[in-house]
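Please read it alongside the sequence and coordinates shown below.

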Amino acid sequence: MVGAGLPLFRAAMRYVMDGFRDLIEAEAHAVGFSGMAICRPWDVPQVPDRLAAFLAAGYHGQMGWLAERSHWRGAPEVLWPEARSVIMLADNYGPDGDPMAGLAHAETGVISVYAQNRDYHDVVKKRLKRLARWMIDAAVRANLAKPEVKVFVDTAPVPEKPLAQAAGLGWQGKHTNLVSRELGSWFFLGSIFTTMELPVDKAEVDHCGSCRACLDVCPTDAFPAPYQLDARRCISYLTIEHHGPVDEDLRPLLGNRIYGCDDCLAACPWNKFAQTASDVKYHARDGLRAPQLAKLAGLDDAGFRALFSGSPIKRIGRNRFVRNVLYAIGNSGLPDLGGVAQRLCGDPDPTVADAARWAVERLEAVANGRAGC
Ligand code: B12
Ligand code: SF4
Ligand code: SF4
């Protein structure tokens, strides 16, 4: 009797946990997520070596924080040894128009889609916490052991993309971001680590095939090989993470991209399945769709903080942002913007002043001999 009882008990538990997993998925959609899938923390054994190779090549540039906690970033089972499952969530921020359209309008700046409204860290974290709280309550109501949970989005040393692929949410495309057959690539990732042993989903496989659209479109040639990014050349890194002056060879390649870059995502054919974000918090704010460079260059600290309140852009501060705007002005080919740049040649921030001088010189060359500073 005892021998027959154990398999029966296990089968019953499996049945209960399968049902519980489906309830979590339904609740994930109810709180606003577009996709959910589950893996084990130890399902990404390839990551430590690949992360080590990335760091050894110096591809992380000034992002020293990627190297500092690499023992955790490489191995989620070390980050929290008690965790038995990782619930990976996708949050769709699909744009409502062509994200590349702004590149043709040199008098305005292009802000990448993800940053045109509310900071996703806040939005995703709120959703994760709601879902995690619901999960604990539901487990207790179902007489299951009360689970422990930890939620993460972006800022913790968690290899979100490899975990999401192991769980089956999508695959890491040749541009290194996660692509999904249902959502395309305009979605954020977040995770709930839990002590609960939930049923896992099937890992997704690569569907890039012979395509290389993302590699070919990159304005700075930032991919040394498919699936590998040299962040030091990536416009997203240069405009958001890199402090101090940007290498003069790279400045012309930034065009009018003033915060982040969407080119490799926008080029991906799988985005024909993408949907516009349903949450208005991800819809572009009017003032950030096509902001005038002349206006942005005039921002002081207080004006910058007021304009970008609640936005991820606030994090980089006025000086780095105005630096980016000045590079865009220098690339605009519009001599009328020369005066705007000239006013910043004496800026107290040396990087801003350097960018202003560079812009003035570039526009001077266009205008044939107007005064510099
Ligand atoms: C650091 C970082 C950046 C850096 C470096 C990007 C990078 N690719 O590493 C910079 C500032 C450049 C950046 C830019 C962007 N980022 Co970012 N970033 C991160 C962060 C914080 C860590 C990523 C990381 O660990 N990088 C280190 C490298 C080693 O990891 P990796 O890319 O996974 O590298 C793997 C591949 O190289 C792979 N590999 C190597 N060889 C091979 C061979 C094969 C065959 C295969 C399959 C794989 C493979 O193995 C490596 C290890 O896993 C994550 C959040 C997180 N905690 O994960 C967000 C994150 C990746 N970023 C995100 C976004 C949205 C962006 C941008 C689109 C923003 C923008 N519009 O400007 C761009 C995209 C640029 C790009 N092409 O990657 C999202 C991506 C969502 C998604 N759908 O995938 C994330 C997950 C944030 C989030 N929570 O949503 N980012
Ligand atoms: S985000 Fe832009 S610069 Fe960075 S890899 Fe993609 S296309 Fe290249
Ligand atoms: S553009 Fe092509 S190669 Fe790049 S991620 Fe999409 S399918 Fe893969």
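**Notes on the sheet, a helix, the ligand shells and selected loop residues**

1. Strands β1 and β2 run antiparallel and are joined by five bridges. Helices (H or I, at least four residues) and strands (E, at least two) are DSSP runs, numbered from the N terminus, and two strands pair if DSSP finds at least two bridges between them. Within this pairing, Cys-39 has Val-86 of β2 as its bridge partner.

2. Some conventions apply throughout. The model is predicted, and local features need pLDDT of at least 70, side-chain atom pairs count only at pLDDT 80 or more, while totals for chains, interfaces and linings use all residues. Residues are numbered from 1 along each chain as its sequence is written, and chains are lettered from A and ligands numbered from 1 in the order in which they are written.

3. The strands β1-β2-β7-β4, in that order, form an open sheet of four strands with antiparallel pairing. The edge positions are taken by β1 (35-39) and β4 (149-152), each of which has a single partner strand, so one side of each lacks a neighbour in the sheet. On average, neighbouring strands of this sheet are turned by 20 degrees against each other, direction ignored; axes are lines fitted to C-alpha atoms, for helices over the stretch in contact, and angles run from 0 to 180 degrees between N-to-C directions.

4. Strand β2 (residues 85-92) is joined to β7 by eight bridges, and the two run antiparallel. In this pairing Ile-192 of β7 is the bridge partner of Ile-87, and Asp-91 stands opposite Phe-188 in β7.

5. Is β2 buried or exposed? Eight of its eight residues are buried, so β2 is largely enclosed by the rest of the structure. A residue is buried if 20 or more other C-beta atoms lie within 10 Å of its own, exposed if 12 or fewer, and partly exposed in between, with C-beta atoms placed from the backbone. Both faces of β2 are covered: one side has the buried residues Ser-85, Ile-87, Leu-89 and Asp-91, and the other has Val-86, Met-88, Ala-90 and Asn-92, also buried.

6. Helix α6 (residues 120-141) comprises 22 residues and spans 31 Å from its first C-alpha to its last, close to the 32 Å expected at 1.5 Å a residue; the expected span is 1.5 Å times one less than the number of residues. Its buried residues are Tyr-120, Val-123, Val-124, Arg-127, Leu-128, Leu-131, Ala-132 and Met-135. Seen down the axis of α6, these fall within an arc of 160 degrees, so they line one face of the helix; the arc is that of the directions from the helix axis to the C-beta atoms. The face turned away from the buried side of α6 carries the exposed residues Asp-137, Val-140 and Arg-141. After α6 comes Asn-143, with a positive phi near 60 degrees.

7. The shell around ligand 1 holds 39 residues, of which Arg-50, Glu-160, Leu-178, Ser-236 and Gly-260 come nearest. A residue is near a molecule or strand if its C-beta atom, placed from the backbone, lies within 6 Å of it. At least two shell residues are supplied by each of α2 (47-56), α7 (160-167), β7 (187-194), α9 (235-241) and α10 (263-266). By class, the shell has 23 nonpolar, nine polar and seven charged residues; Ala, Val, Leu, Ile, Met, Phe, Trp, Tyr, Cys and Pro count as nonpolar, Asp, Glu, Lys and Arg as charged, and the others, Gly among them, as polar.

8. The residues surrounding ligand 2 include His-175, Cys-218, Cys-234, Ser-236, Cys-261, Asp-263 and Cys-264. The elements giving two or more residues to this shell are α9 and α10. Its classes are eight nonpolar, three polar and one charged.

9. Ligand 3 has 13 residues around it, and Gly-173, Cys-208, Cys-211, Cys-214 and Cys-268 come nearest. This shell divides into nine nonpolar, two polar and two charged residues.

10. Asp-221 is not a glycine, yet has a positive phi of about 55 degrees; its place is in the loop between α8 (213-217) and α9. With 11 C-beta neighbours inside 10 Å, Asp-221 counts as exposed. Tyr-227, also not a glycine, has a positive phi of about 75 degrees and is found in the loop between α8 and α9. Tyr-227 counts as partly exposed, with 14 C-beta neighbours inside 10 Å.
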